[in-house]
Amino acid sequence: MPCQGARLHIPPMTNPEGPSVAVIGGGAAGLMAAIHAARAGARVRLLERTPDGGRKILISGGGRCNVLPSALDPARFVSESAPHLVRRLLASWPLAGERAFFEGDLGIPLKCEEESGKLFPVSDRARDVRDGLVASARAAGVELAFSHLVTGLEREGERWRVEIADREPLLVRAVIIGTGGLSVPATGSEGWGLALARRLGHTVHPTYPALTPLLADPPVHADLAGVSLTVTLTAPVGRRRHSATGGFLFTHRGYSGPAVLDLSHLAVRSRLAGGARQPILVQWTGADATEWDERLRRHGGESVLGALRESLPARLAERILAEAGVETDRQLAQLSREARRALVDRLTRYPLPWTGDEGYKKAEVTGGGVALAEVDPVTLASRKVPGVFWCGEVLDAFGPIGGYNFAWAWATGRAAGLGAARP
C-alpha cells in the first residue's frame with residue numbers, strides 16, 4: 001500500500017493483448033470488481049472519468065471512511081426488489097470475509113467505534129482505503145485508465161464496443177457497470193449507468209435521493225443550529241412504524257444526523273408522490289411517555305427546566321417549554337395536568353416540521369435502481385443482455401448509515417468481478 005499521503009502513480013497501459021473485461025466506474029464497487037476479476041485471471045481495464053477514482057470513499061465518514069458495520073442486518077436494506085435477493089447478494093461475501101480482505105489483503109487494520117458499531121481504518125484516513133484498493137488493483141494487473149469518459153456502449157458481434165471520449169474505442173468480452181447512482185454529483189456520479197440500463201431494456205425502479213438531510217422552510221429551528229443529541233425517530237407508514245435511533249443535528253436549514261438520514265427516504269418519497277407529507281415524530285430522549293410523566297410528577301422545589309436539562313441540551317429544553325407554554329421557572333409541583341400532558345407529548349412525539357430535503361447534492365446514496373430480479377444472483381450478469389454485469393449503487397438496494405452501503409458495494413463488486421472473469 002502507498003505510504004500515507006503518497007501521490008498515486010498510475011503506470012501506462014502496456015498489455016499488448018488488450019483487456020477481456022472493462023470495468024466502467026472507479027468507485028468502491030468498481031475497484032472491488034476490477035480486483036477480483038483480475039485475480040480470477042481476466043485481463044481488466046478500469047475506466048474512470050475522474051483523475052483519481054474513489055471520490056466517495058474519500059469523503060465518507062467525514063474523511064475517515066466507515067468501511068463496514070460490525071454487524072449486518074439485511075432487513076434494514078430498502079429495495080423494491082424481493083428481500084431474499086438482497087439477502088443472497090449480501091451473503092455472497094459475509095462481513096468476516098470482507099474484513100479479512102481489508103486487514104489481510106490490503107494491510108489496512110480496522111477498529112470498531114464502540115458507541116456506533118462502525119468499523120474505521122485505524123489511521124482514520126479514508127485516503128488509505130482508496131489508495132489501498134487502487135494499489136491492490138494495480139498489483140493484480142488491472143490497467144487503470146483514469147480521466148477516461150465513457151460515452152457509449154454497443155454490442156458488436158460477440159463483444160462489446162466501449163466508446164471513450166477523445167480516445168480509441170475498446171472491444172471487450174464483458175463489461176462491468178459500477179458507475180454509481182445520482183448521489184453527490186460533485187464526485188462524478190451522474191446516473192450514466194442507470195440510463196444505460198434503461199436503454200438495454202432493464203427495469204429501473206424509480207430513483208430518488210436517500211440518506212439525505214431534511215429542510216424546514218421557514219427554518220423554524222435555525223436558532224438551535226449546532227445542537228446535537230441522540231434521539232429516536234418514528235415514521236408511521238400505513239400499519240407499519242419505521243423507526244431509527246441515533247444522532248440528530250439541528251442545522252441552519254433543517255435537520256441532519258444518522259437518525260434523520262436513515263428515515264429521509266420516506267420523507268423524500270412522500271414529497272415526490274405529491275401527497276400528504278410523511279409524518280416524522282421525535283422522541284428526544286431514551287425515556288418514553290410513561291417515564292417522563294413520572295418524572296414530571298415529582299414534588300419539591302425543582303423547576304421544570306431543571307428536570308428537562310438533566311436529559312436535554314439547555315437550548316432545546318427551553319424551546320420545548322416555550323412551545324408547550326410552560327414558563328422556565330415553574331416548579332414541577334405547579335404543573336397542571338394539561339400542561340404536563342402537553343409537555344410529555346412534545347418530549348416523546350414531537351412532529352418534525354420538515355418541508356423538503358437536500359436532494360442528490362447531499363444524499364449518501366440513490367434509492368431505486370436496476371431491478372435485482374433481472375441480474376443473476378451469483379454472477380450479477382444481466383438477464384437481459386449477455387456480457388454485462390452490474391454492481392454497487394446502480395442496483396436497487398441501499399442500507400442505513402453505518403457502513404451498510406460499502407458492504408453492499410464490496411459484496412456486489414466482488415461477485416460481478418468473479419462473474420465477469422468466467423470464460
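Which residues is Trp390 in contact with, leaving aside its neighbours within four places in sequence? The legends below take this up. This is a predicted model, in which local features need pLDDT of at least 70 and side-chain atom pairs count only at pLDDT 80 or more, while totals for chains, interfaces and linings use all residues. Residues are numbered from 1 along each chain as its sequence is written, and side-chain values use heavy atoms, leaving out hydrogens and water.

**View 1. Surroundings of Trp390 in the largest nonpolar core.** Beyond neighbours within four places in sequence, Trp390 is in contact (heavy atoms within 4.5 Å) with Ile177, Gly193, Leu196, Ala197, Leu200, His202, Val370, Val375, Leu380, Ser382, Leu395 and Ala416. The core has 83 residues, and Phe102, Leu133, Val162, Trp390 and Trp410 have the most contacts inside it. A nonpolar core is a set of buried Ala, Val, Leu, Ile, Met, Phe, Trp, Tyr and Cys residues joined through side-chain atoms within 4.5 Å; buried means under 20% relative accessible area with a 1.4 Å probe, protein chains only.

**View 2. Leu194 in helix α6.** Helices are DSSP runs (H or I) of at least four residues, numbered from the N terminus; α6 spans residues 192-199. Leu194 is buried, at a relative accessible area of 3%. Apart from neighbours within four places in sequence, Leu194 is in contact with Gly181, Leu182, Val204, Thr207, Gly369 and Val394.

**View 3. Contact between helices α10 and α11.** Residues Ile320, Leu321, Glu323 and Ala324 of α10 meet Leu343, Arg346 and Leu347 of α11.

Methods. Helices (H or I, at least four residues) and strands (E, at least two) are DSSP runs, numbered from the N terminus. Buried means under 20% relative accessible area, exposed over 50%, partly exposed in between (1.4 Å probe, protein chains only).
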